[in-house]
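Here is a short tour to read alongside the sequence and the 3D view. Keep both open and follow the chains as we go.

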Amino acid sequence: MEIELLEIKNFISQYQPFDQLPEEALNEVVKSIEISYFRADSMIIEYGHKIHELYFIRSGVVEIYRRKGELYNRLDQGEIFGQMGLIANNKVRLPAKAVKDTLLYCIPESIFYDFCERYEAFSDFSEVEGTIRLKQAVEDNNDDANSLTTSKVKKLLSRDLVMLKSTTSIQDVAKVMAVENVTAALINDPTITDEDGNNFVGIITQHDLCAKVIAMGMSVDNPVSDVMSTELMSLDHNAYVSEAMLMMLRYNVHHLPILKNKQPIGLIEVADIIRYESQNSLLLSGSIFLQQNIEDLVLLSKQLKDCFVRMVNEDANSHMIGSAMSEIGRSFKQRLLELAEEELGQPPVPYCFLALGSMARDEQLIVTDQDNGIILDNSYDEALHGEYFEKLSKFVCDGLAACGYTYCTGDIMATNPEHRKTQAQWEDCFADWIDNPNPQALLNCSIFFDLTGVYGRVKWAEQLNAFILRRAKKNNRFLACLARNALNRTPPLGFFKTFVMENDGRHNNSINLKRRGTAPLADLIRVHGLAIGSQSQNSFERLEDIIEAGILPASKGQDLQHAMELISLVRLRHQALDVESNIEPDNNIEPENMSEFERRNLKDAFLVLSNAQNFLKYRYTANKM
Amino acid sequence: MHNFINKEILNWSAFYKIKVEQSKDERLKSFYRAGMYHDETKLSDIDFVALDFETTGLDSEQNSIISIGLVPFNLKRIYCRQAQHWYIEPEDKLKENSIIIHGITHTDLNGAPDLLHILKPVLAALAGKVVVVHYRRIERDFFDNHLRSLIDEGIVFPVVDTMQIEADIQDAQKKGFFSLFKPKKRQESIRLGKSRERYNLPAYPPHDALTDAVATAELLQAQIHYHFSPDTPIKKLWL
């Protein structure tokens, strides 16, 4: 009789990569398993020892260490380890210890090698290191999302279909259309049915009523069948919006019946497509400049969330979304400044309004506060001009707050007189930060190193950036201080089903993906960027410069790109989900709400960040030439 | 000679030698011929086999064995590849309530062999190894009684009983000097599932002979890690 270790088989088949294996392969694995119990705090495999098995955690918790004893990873139920050693000449590279009582399934190397050859899913999962898996995840995500979430025409259907009999008089049709407030109706003939069970035979539009009835002087008592169009174009409800648009252009029609299972479920018209396109971020930022007062701007700002959700659903990458959101943010600032100048009069001296932080980096999302400042002309005189710029700043910052850009808790806003300085004062200020670095002083000013001009003499912002780069590039003490600050926020070690595992072993229920992910990434990328004198502000663009400069070990720059993209995507996706379910979006995410995909890949991304922080630590030391 | 629970035990090794001579059945003869470990053998040197019977009831005189699961193991590893599982035609009518308990139905047992037919492979799997069970009354008594009625000759072998170990540990904890000052501790359940929980072993669905055998093997590994050492002599554990 075939021996069925059902309990073991059912268990491992729930987890990657075993969930991808065919039945007979699973049976083979199960039969080969040797079970072993490890008490908490006992070593499972030691560095340099021989290894001939792959380990699967049935229960318990296992920690994996680097050679020097630093914690590398923490694994729990359903995860595997030992594959690195199997690939690297059967020597244990990363020792492992049970930190809780642990039951392991030991799978012989013969199965591991054999399955890597036979099953792609198995080798993909097992052989690759976390960073490669991360790259695959980012790429797969783009593929999948394209086919699944790009907008379909069914999203445009907003009102019920009006369907009338072909024997109805033209006048009655017109009456119904007026009452229903539609510009077209479908006409059916109940006496005939085609092979799909349909009996609609034509469409009548306002244009037909005008061109064929009124213009021709036709009696409105005639049946609608005399004037309807019978060459029917239609689209399935799963077609993309872009297909609908193309079809309308190509056949010069303004209405399209939409079918589901070959039955008409609605009509879309050109106006629907225009309305849909109006959520487009470019149109949104364009229309910002058409608003005449703050109230209208506030009203328009409500569309920001829809626009954001749409971009996420259309599978824009995080760089595209960040740029679009930042562009919209800049547009609000610019329009508010125009309105302020209309109210307060022309500025007494030239100035440049600055955006700092995420907006300057083109990495703004929907949950964001305002960080800004002003560069004033060197002829600025506090006594003469101070009041004007105080009022101007208040006007803009209050307006931004009303539009959903909350006040900066750190008071890094133009309303703070500290952040309204002349060109010369700003240069002195940056020179002091850079030449006499002290970590405490730099702690709160890293945000100033991402700056861009949004209004007025924007050239001044570029000049200031150039000044900063010249000064910072050669200054090792400064870079070391900035690097040290970039290590203040660390990623968590990983996730379990219901909690976040911190490096010191504490548990948390949720994680702030900005504070623990994208922000520390941006911090460390900024340090490298300043070190090589990169003119870019955006983290992805800085990374490209950094990779080109060759200051990172091979492929680590790409790893950082993937990590940044993945963490950003998860953050975006969860914010979009919040908006869609009418929850106030934030940067926190609970492991319970993550998919297995997100959990695993976030963990890999955090590992990349953690490694990059370690590298930063030794790369920038004060006395290094 | 005293074992962990202060009971007299046999010199099993010598006992097996006598049994080789006395046994009439060839299968039993060769079972005993495989011999048994010396009392002082370290746990780390012992090959165990976890054994579990599912039965139609608790009375070894009245009820029958309906399935047997076993898995060989040692202190380090439990070998799934050598796991074995049999269904057996019961001698008494399969009672409805034991169908409910075990989930084994008449269909499963249709055409199943009787114990006599599988006696050879079962004994071969056990020979020379120390049998480990959770609650020895079932496996040892049923085996002995059934063989007596089938071949007119019983079977006796040492067992390590993980349930007895659990009971002894709880007694020992209660008898500790300081526990006099502690509030009276309620006796913890020493059933298989509950015992496993104390060692953070996962929960398995009960009443499958093979799953229970694996569960028992895991439990003994855990008990030894917690309460004994690889150098502990087997005489401390077996009964």
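How many residues does the contact take from chain B, and how many from chain A? The model is predicted, and in it chain B gives 23 residues to the contact while chain A gives 20.

**Where the chains meet**

On the chain B side, β3 (78–79), β4 (84–87) and α9 (209–227) each bring at least two residues to the face that touches chain A. Of these, α9(B) gives the most, with seven residues. Sorted by class, that side of chain B has 13 nonpolar, six polar and four charged residues.

Strand pairing also crosses between the chains. Strand β1 (residues 34–38) of chain A is joined to β3(B) by two bridges, and the two strands run antiparallel. If you want a place to look, find Glu34(A), which stands opposite Tyr79(B) in β3(B).

**A four-stranded sheet in chain A**

Now turn to an open sheet in chain A, whose four strands come in the order β17-β16-β15-β18 with mixed pairing. The edges are held by β17 (420–422) and β18 (451–456) of chain A; each has a single partner strand, so one side of each is left without a neighbour in the sheet. On average, neighbouring strands are turned by 30 degrees against each other, direction ignored.

Within this sheet, β15 (residues 351–356) and β16 (residues 372–376) of chain A pair in the antiparallel sense over five bridges. Phe353(A) has Ile374(A) in β16(A) as its bridge partner.

| Helix (chain A) | Strands it lies across (chain A) | Angle to β18(A) |
|---|---|---|
| α14 (residues 318–344) | β15 and β18 | about 35 degrees |
| α18 (residues 458–473) | β15, β16 and β18 | about 160 degrees |

**Backbone details in the loops**

A few loop residues deserve a look too. Gln16(A) and Pro17(A) are joined by a cis peptide bond, with omega about -5 degrees. Pro17(A) sits in the loop between α1 (6–12) and α2 (23–32) of chain A.

Asn582(A) is not a glycine, yet its phi is positive, near 60 degrees. Its place is the loop between α22 (556–580) and β23 (588–589) of chain A. Asn582(A) has 6 other C-beta atoms within 10 Å, so it counts as exposed.

In chain B, Tyr135(B) also has a positive phi, near 80 degrees. This tyrosine lies in the loop between β5 (130–133) and α6 (136–151) of chain B. Tyr135(B) counts as partly exposed because it has 17 C-beta neighbours inside 10 Å.

How values were computed
Residues are numbered from 1 along each chain as its sequence is written. Chains are lettered from A and ligands numbered from 1 in the order in which they are written. This is a predicted model: local features need pLDDT of at least 70, side-chain atom pairs count only at pLDDT 80 or more; totals for chains, interfaces and linings use all residues. Two strands pair if DSSP finds at least two bridges between them. Axes are lines fitted to C-alpha atoms, for helices over the stretch in contact, and angles run from 0 to 180 degrees between N-to-C directions. Two residues are in contact if their C-beta atoms, placed from the backbone, lie within 7 Å. Ala, Val, Leu, Ile, Met, Phe, Trp, Tyr, Cys and Pro count as nonpolar, Asp, Glu, Lys and Arg as charged, and the others, Gly among them, as polar. A residue is buried if 20 or more other C-beta atoms lie within 10 Å of its own, exposed if 12 or fewer, and partly exposed in between; C-beta atoms are placed from the backbone.
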